[in-house]
Amino acid sequence: MVVVALDFSKAFESVRHSTLLTKMAQLDLPDAVFNWLVDYFRGHEHCTQYNGVTSATLSISASIVQGSAVRPASYVVNAADLTSVSSINQLVKYADDTYLIIPACNVDTCAAELDHVEQWATFNNLRLNRGKCTEIIFVDPRRRRSVEPPPLLTGVKHVTTLKMLGVTVTNMLSVAEHVQAIIRACAPSIHALRVLRCHGLNDAALQTAYRAIIVARLTYAASAWWGFTTADDRRRVEGFFETRYPGWFLSTKLAHCGESCARR
């Protein structure tokens with residue numbers, strides 16, 4: 001299976017208002033909401049002032065205001081019509097994070113799919129940055145017979161490890177690097193909580209912070225990656241609770257980390 005992580009240069013800043021509003025008009029939105037969105041995106045201008053000189057004022061016809069509540073949702077609407085050429089392939093989108101998934105039986109369509117994405121981007125005032133796109137080819141480590149890998153995509157970086165929505169996976173479907181990374185990231189937080197306890201933070205507040213910072217980070221997206229862990233990976237996560245778990249957090253201790261991960 002081939003997965004291509006697509007990168008659109010300054011995606012949020014390049015969304016054309018006229019195109020976005022046309023797509024929003026096709027949604028089942030109340031008239032008042034749609035009219036509010038039209039008013040929100042229109043009527044903005046900008047100019048540049050440098051060294052006492054001010055440029056001419058120009059209207060803003062593209063981009064979504066950074067930090068606004070409608071920013072992610074607007075991009076989702078804008079990218080809703082981006083689909084794969086082949087029905088066998090899939091495009092997985094989360095805001096501006098887009099992944100092209102092509103099964104082994106259809107790898108000969110990789111180049112055509114990427115060209116199609118590039119054409120869609122051009123039509124929608126976006127630019128597909130091939131230099132920042134990454135391609136990973138997943139293989140089954142249990143397969144004894146060697147398989148000829150598909151040809152690499154032109155201008156796309158080939159990698160053996162890919163971080164997808166915060167989860168690191170290797171081309172051999174291993175999450176050992178992800179497990180190691182999250183445990184390493186949690187270690188300083190344990191020290192910070194100990195410092196807070198020394199400064200008088202009560203146990204109830206410490207337990208709440210532990211659940212919010214440590215447990216939440218260790219079990220983030222666990223339902224997606226826990227099934228790919230090896231026995232060593234699971235022992236490493238569970239061992240973190242056993243060796244790093246402060247005694248004053250007993251009321252929040254997980255009886256079995258695997259059970260917690262399976263529930264998420």
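**Notebook: a helix pair and a covered strand**

I began with the helices: α6 and α7 are roughly antiparallel to each other, therefore I noted the pair under that term (over 145 degrees; under 35 is roughly parallel, 65 to 115 roughly perpendicular, the rest oblique). The model is a predicted one, where local features need pLDDT of at least 70 and side-chain atom pairs count only at pLDDT 80 or more, while totals for chains, interfaces and linings use all residues. Residues are numbered from 1 along each chain as its sequence is written, and side-chain values use heavy atoms, without hydrogens and water.

I looked up the packing next. Helix α6 spans residues 176-198 and helix α7 residues 203-218; their axes lie 10 Å apart at an angle of about 170 degrees. In the contact (heavy atoms within 4.5 Å), α6 brings residues including I182, I183 and L193, and α7 brings, among them, L206, Y210 and I214. I sorted the residues of this contact into 13 nonpolar, 1 polar and 3 charged.

Then I turned to strand β1, residues 2-6. I found 5 of its 5 residues buried (under 20% relative accessible area with a 1.4 Å probe, protein chains only; exposed is over 50%, partly exposed in between). V2, V4 and L6 are buried on one side, V3 and A5 on the other.

Which strands pair with β1? I have β7 (residues 97-102), antiparallel over 5 bridges, and β8 (residues 134-137), antiparallel over 4 bridges; pairing needs at least two DSSP bridges. V2 has I102 as its bridge partner in β7, and V4 stands opposite E135 in β8.

Notes
Axes are lines fitted to C-alpha atoms, for helices over the stretch in contact, and angles run from 0 to 180 degrees between N-to-C directions. Helices (H or I, at least four residues) and strands (E, at least two) are DSSP runs, numbered from the N terminus. Ala, Val, Leu, Ile, Met, Phe, Trp, Tyr, Cys and Pro count as nonpolar, Asp, Glu, Lys and Arg as charged, and the others, Gly among them, as polar.
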